Every structure is written in structure tokens, then in C-alpha cells.
Amino acid sequence: MTTTGKSRSGSDRGEAGNDSKRYTPANIEKKWQAKWEKDGIYNAADHVEGKENFFSLVMFPYPSGDIHMGHWFQYSGSDAYARFKRMQGYNVMHPQGFDSFGLPAENAAIEHGEDPREWTYLNIENSRRQFREMGGSYDWTRELVTSDPEYYKWNQYFFLQFLKNGLAYRKDGQVNWCPKDQTTLANEQVKDGVCERCGTIVVKRALPQWYFAITKYADELLNFDQIDWPEKIKTMQTNWIGRSTGTTIGFDVSEFASGEQIDTFTTRIDTVYGVTFVVLAPEHPLVRKLTQPSQKEAVEAYVANAALQTEIDRTSTEREKTGIATGAYCINPLNGERVPVLIGDYVLATYGTGAVMGVPAHDQRDFIFAKKYDLEIRVVISPPDWGGGELDEAWIPAGTQVNSGEFDGLPSREGFDAIADKIEANKWGERTITYHLRDWLISRQRFWGTPIPIVYCDDCGTVAVPEKDLPVLLPDSLKFEADGKSPLTKDPNFLNTTCPDCGKAAKRETDTLDTFVCSSWYHLRFASPNPSEDPFDDDQIRAWAPVTAYQGGSEHAVMHLLYSRFFNMALRDLGYVDFDEPYTKLTNQGMLIKDGKKISKRSNPLPPDPVVEKHGADTLRCYLMFLGPWDQGGDWSDSGINGITRWLGRIWDVAQRDESVLGSSGSDEAERDLERASHLTTQRVLADMELFKFNTSIAALMEFTTKLMRSHDSGDVSAASWRAGVDRLLLHTAPLAPHIAEELWERTGHSGSIHLALNPEFDESLTTSDTITLAIQVQGKLRDQIEVPAGIDEASAIAAAKSAENVIRHLEGMAIVKEIYVPGRLVNIVVRPAN
RNA sequence: GGGGGAGUGGCGAAAUGGCAGACGCGCAUGCCUUAGGAGCAUGUGCCUUAACAGGCGUGUGGGUUCGAAUCCCACCUUCCCCA
């Protein structure tokens, strides 16, 4: 830094205390943050006479260290919206908390031997400070921390209610297993197929896991009628749920395994006469029974290899499909044909029935597979003009049934139903609806989470912990040790307990709940933060829920946002709430990236504290909101922040100008002009804020700021209308830059917080002017612009257009074909050469 | 592999069927200043032109329309999420 620079900033600091002329964020931001908190102006009462409640919720953060710039992006926008709604006259509740269970705390424990609890609560402390420095309008009396026993107790309680009502169950699931460490691994702990710690190749292994029965709600989750959500989120959820209608059909294998059949599911039963092979997933239970002695060795090797592959690899279309014969055959019930049974790792045991029928002529994957293994390709849906020759690729579209026995000649669309009817009549299978959605696996083999309240007793089996014994507490000390096992599995005080039923010695469940359970109902606890005997108070839920407006990233489209909807529907059916959907309106903010990549504490850091220190919280908030459309995110760069610094400096300057230099009345034209700008600004800002278009709101306010400066400079507006304009500017700026707006509100003689004031109003009739500029096009190309009276009729507009100088030139030698007038906007004259 | 976005000046962007580039950054020139990493004013898509004016222009190729950044079809690039 140069000497000049140093002395300048030094003098800034020196003057700051008494020179109120200069905008110095550090001098005002802390002051107002303290005052707002002391006065509790953002604390929401459950009922306020004459005001409608508005629950404005933003997805709460995971406290992984600093609140980073991405959080600032998210929370600046959502806070501006909550403030805007408050100024619209709503009784706004805008809570904040911490989603504090989860893997990063465990990683800190694993890497640095820290206690995840200490690590987490230290981070929370730091995050609270940053939230305050942001100037968020949060109601901190409602704060919740999901790793507090008062909170996770209710996760356990809901788990038990779900268990009682058939919505929670335990069954075998595939987990990552490290054979050396003898432990399960989270997906994140598997790097390139090997154990993160010891480098051993990780295998898939079946272990009992807990599930929530979300698939019971698959159809209701497909219905979005009651909620105002972005189309893209609804599309993602719809695709994720993946409802498809089709037919199951069994292929008899009793020749090789008595009494058994292979169940397959297909959406194209019309092609069933074209089945020339059947493929099983390597994990399919029939694999062992069907494999013939000659194939045994090869099949075992193939199955072992498949266990090492990820699903990505196995289902990738880039990779060549592989398969291996079992040596067994099955019978196609439709035509009695005997077709080979193969094993292919591109078939997943967890999807559908874990077996597919191979129809190479009408499925491209099967086609390539059949070519490779020299299997028959039989056309059963004839393409139009098909001469009976070999196909170059699978024919997917509809056609005419051929080689399909009694169904030959039918259009395949009719063949679909006719064949399905026959299958159902003969009880070979039935029409079925399947979903891509699977039940929600809630077991985590981790230690920083909600303990699942279950006890295993040798005599009584799986026993639920009685509600009166909740919460099942996490042990105080959770030190991770080098063997890779969860501390819960080794802590005798936690592990050893007595059976609630028979009183004998028993072991606790050591799995913890997925952290998405915490976030599935946290909004209800915000609405009702205090009860200790119930998860929440019904009257408070009625006052606030469902959430009026919810904001968060679209990366949660198919996990959190689907789980929460399921959770709400389940709670409704169990009698806890009386509404169907948890979040009425959803808005996604985009992702803030830096240098083209996601911001991350480790690999791509961007700490906000230095920026706040240099420019102030208001400047940073506005800059982030000005970067671009909030719902599309933005690419951070330091270069533009000066624009916001200048703008706030100009507001600071204009608001404190001496109005006594202006007269008690101004010129008609200038008054009218300022009035129009004022009402137009309010119209634009109110509309844009409602749509989370903060960038264009700020652009409108920048223009208005300039307008007010010029009006004052020119001196031809009245003091009263100029001052009213300044008030309007401050009120609109308040949600975006809350500290400076509050400071200037006070300095310009107002009493009470600007944040409890109401938005200005506008009169649309005052936003228009007497004349408009019409664009004149010839052949759709702009040729001139003319000034005309605002209410001009079509004929006069076209006449005026035709007499514009530059237009005359372009009409020369042309015959007019058509004249188009778009009221208030343009005239387009369509011509052709006049012979 | 599946799913969802996004491509517009040197840069962030605006405009959702009607004047492409509002607003801001940066840059240039000028004013003010002992000074400027301050402030103010003016200009700034590219090409041709002394000027008037004209041509080109919203990732690429096609289409619909009097008129397309915007709607439709195909493709390319890129980001995010899930497995």
C-alpha cells in the first residue's frame, strides 16, 4: 500500500467518529445490529391484530465452519424478501438455525481427532456471529440446533410413530463394506472404489438397514396441485419418482430349479414374442440355483467382479455390456419357446424385479448385447415398409405385430393391451405400475447423528425404545479411533442396555438416522420452538404452517424437498398436522460460483469477512443481489463491487442534502417528471422484489437515485416533493441495505425503525407520460423513431410513420403490402418492389 | 448413466414475440484537485463513412412469423444435482 493510501484510510478512520458526512459502514452497522436485537423488532408474535402471518423460511445451513460467500448470496436474498414482506404489512416470521448433524463433523473428528460436538458447536458460535454481521432479520428466539437432544429427541419420537404405523421397517440393503477394516463405509468414504483409509477394494454387501416407506406416497407425491413451485423442481421430482406402467411376466425355470420362475417387468409387453434371452442381475437370488456346473466357475468370477463395480459403471452406456451364460433356459409362456438365461451386470438387483427380458429387435441395449453374444434378433413389431430383412439397429417405435402368433397383423398399440389381457387371463403375470423411487434408506453407519431408538434383545428381538425413555442420548465423548469403526459400536455405556420388554441384557442399535430426517420437519419446530412434552404445539402450527414462502437451492430438488413432502403427508395421516404440503411456495436461488467452480471451504475458498470489513455488510449484500438474477446464481468477481459502494455513497449524500435550498413549489414540468419517476420506481421495485428480481430492483433504485440528485442540482422541484422522493428511496432500499437505510431514516428525522414502516404506494396513472416514442420499421428493420401523443390511434400512427423522413426513403419504389401497429410501441411497414 | 439449468459487448447482465445491450464494472476524454485507487460530466457492440447513413450482430444449423435473444426441431459447449 502506498503512503498516500495509508494516510488516506488513516484519516478516514480518524474522522469517522465525528465526520458524519462520509459513509462509513463500520460506524453504523454494528450499532443497528445491536439495537435491532435489543428491541427485538424481528421477533414474531404468533398473532398480531390486523396482520396476516407470513412464514418466510430459508433452508438452514450446515455449520461446517465459516458462513461462506455462497451462504451470503442465499441469505442476503432471502432476508431481503422477508424484510420486503414485513414492509408489505405482513406479520413475518423469519427463523434461523443449524442443521448440525452430519459427515463434515465426523471428518474433522477422523482427521484431527477432534470431538465432533465441540467442533460443531464452535462453528455454530462463529456462524451466529456472521449471521448477525450480515444484518439478517432473524427471529433468534426460535433458533434450533438439530444436534441438541431437545431437537433430535423428536426425530426418535417420529421414527417410533412411523414404526408403529408401518412406515418404518428394517430389511437387507446393499452397503459399502471394507473387508479389511470389517466396517461399512459411507459413499463419501469410498474413493475410486477403494477404502479411503486403508486402500482395500470396497465391496457391496447385504446388511439389515432401516427404511421409511416413502414409496407408499409415490402417487400423492406426483401431485403438485396445491403448491406453487418452480416447474423445474416439479419436473425433477416427477422424473425421480419415475412412475411407469407396464406388465410383469414370469418365465418358467422349473426344468432347472423346481417350482421357480423368473419375474420380469417390461413397459413393452407388445414385444414379448421377440424375447430371445433373459438377463438376471448378478445379485439375483436365482443365480446360484440356475447356474449349471460347467458354468459355475466363470459365473462366480463374474458375480464377484460385479460386486466391485459402481452402479455408474454398470449402467454406463459408454461401456460395453457384458454377460455370461448360466447354462440354464427358461420358457416364454406366450409361445412356449426355450430361451437362454444369462447374467449381466447392467441389470441392477435393486431396480424393478432384478431381471429383464431380452428383446434385441426392439431395444437398443439388447440389440448390441445380442450382436455381441450372437443371440437371435427376431422382429415382432414390423416397421412400415419392412421387407423382412435384418435390422441395422433396434426398431423402437410402434408398428405392426408380426411373428406374434394370434396377434399378427394388429397395430402394436393394440397388441399391447391384447397381449396383456392374455397374460392376465392365464395368470402368467399382470399389469403393474413401478416407480424409480425406492424407499428412503435412513440408516447411517455413522456416529454424529440421531441414534435410532431400537434395542436388540436375544429373546424379544427388535424392540422399540419406549417414548418415555427418549431421547436416546449420544455419548458425551465421541472420539474417533483408527480402526474405522463408529465409536457407538464400541462404547459399552451406549451399547449395553436392558431390554425394555423383558429387562434382560440387550444391545442398542448403533446406526444413526440420515440427517435429512432432521430437515424434514424443522420448519414445524420453528413455528413452535418450545414444547417439551410434544414435538410442537397445535395452535402455533395452525398460526404459521404450512410455510408461506420457502427459499433454497435446487440441488435439494429430489432429496430434502421430496423427503419433507413425504414426512408431512405421513404426519398428516398420523394426525399431527392437518395440511397436505409443507411448503406452499418455493423459490430457488442459484449457485454462486467462483472461477467457474462451486465455492468450497477447502478447494475454492471465498471468505466473506474480509469483504465485509473493507466494504461493509450492506455493500456486500447489495453486490451479491446485483450480480445477476438470484435464481440463476452468479460468478463471483471482486471487480464490480465499487459500483455498489458508489451507489450507497450517493444515497448517503443525496439523503442528507439541504432541502432548504429548494423552494416551496417547483416548475410544473419538473414536478411532474419527478412524480412520474417516483411512481414508476415503486411500480418496478414492488413487482421485482415479489419475484426475487433483486438485480433489476437495484437498477431501478440506482436510476431513481440519479434522478433525485439531478432534481436537487437543478433546483426546480419543490422541497416537499424532493423530500418525499428521498423517503421513497430509503424505504425501497431498506430490505436490500438495511443498515444505511435505517441510519438515514433516523438522520432525516423519522422516528421508529424503517423496517417496521410500510412500502410506498404507487398510482399507475401517474407513471405514464403525455408523449411516447414510436419505433418505425420497414420490413422489420428499424428505420426511424417518432414522438407522438400517448393516445394516438392506429391510423394516425401509421400516417405519421409514413411521413417520417428516413422512412420515406425506404418506401421509395415500393408497394406497401401490410401495415402493422403495436399500440404504444411500433409501426412495421411490409413492402415489396413495385414492379 | 439418469435428471435439471445456462450460453447476449472486454466483463456481470437487461429485454419472455415488438427499438438488443437498461443498470453496473472496466476503459477513454474532460472538469475539479497540492494529490487521487476520491468525486462529477460525456462517450463506449463490431465493421464501413468526413458526415448523413448503411451493413453485421444474442453458441451452431434449420423452421414458424410482418417481426425471434425470446417459440419449434437438431446439434455444440458448459455448470449443477442424483446414482
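Let me begin with a question: in strand 25, which residue is the bridge partner of Val58? It is Gln551.

First, a word on the ground rules. This is a predicted model, where local features need pLDDT of at least 70 and side-chain atom pairs count only at pLDDT 80 or more, while totals for chains, interfaces and linings use all residues. Residues are numbered from 1 along each chain as its sequence is written, chains are lettered from A and ligands numbered from 1 in the order in which they are written, and side-chain values use heavy atoms, with hydrogens and water left out.

Now the overview. Chain A has 835 residues, and 51% of them count as buried; buried means under 20% relative accessible area, exposed means over 50%, and partly exposed is in between, with a 1.4 Å probe and protein chains only. Along the principal axes, the C-alpha atoms fill a box of roughly 105 × 90 × 60 Å. The secondary structure comes to 26 helices and 33 strands. Those are DSSP runs numbered from the N terminus: H or I over at least four residues for helices, and E over at least two for strands.

The chain is divided into domain 1 (23–148 + 519–598), domain 2 (168–212), domain 3 (244–434), domain 4 (638–766) and domain 5 (771–833). These bounds come from an automatic or database domain assignment. Between domain 2 and domain 4, the C-alpha centres lie 60 Å apart.

Back to Val58, which belongs to strand 1. That strand covers residues 53–58, and six of its six residues are buried. Asn53, Phe55 and Leu57 point one way, and Phe54, Ser56 and Val58 point the other way. What does strand 1 pair with? Here, two strands pair if DSSP finds at least two bridges between them. Strand 1 runs parallel to strand 25 (residues 547–553), with three bridges, and it also runs parallel to strand 2 (residues 91–93), again with three bridges. In strand 2, Val92 is the bridge partner of Phe54. To get from strand 1 to strand 2, the chain passes through helix 3 (residues 69–87), and this β-α-β crossover is right-handed. In other words, with the strands pointing away from you, the path from the first strand over the helix to the second runs clockwise.

Is Ala45 buried or partly exposed? Its relative accessibility is 38%, so it counts as partly exposed. Leaving aside neighbours within four places in sequence, Ala45 is in contact with Asn91 and Trp544, where contact means heavy atoms within 4.5 Å. Ala45 and Asn91 are 46 residues apart along the chain, yet their C-alpha atoms are separated by 8.0 Å.

Next, the inside. A nonpolar core is a set of buried Ala, Val, Leu, Ile, Met, Phe, Trp, Tyr and Cys residues joined through side-chain atoms within 4.5 Å. The largest one has 85 residues, and Phe159, Phe212 and Tyr522 have the most contacts inside it. At least three of its residues come from each of domain 1 and domain 2. Not counting residues up to four places away in sequence, Phe212 touches several residues, including Phe159, Trp440 and Phe566.

Strand 32 runs antiparallel to strand 33 (residues 826–833), joined by eight bridges, and Glu819 has Ile829 as its bridge partner in strand 33.
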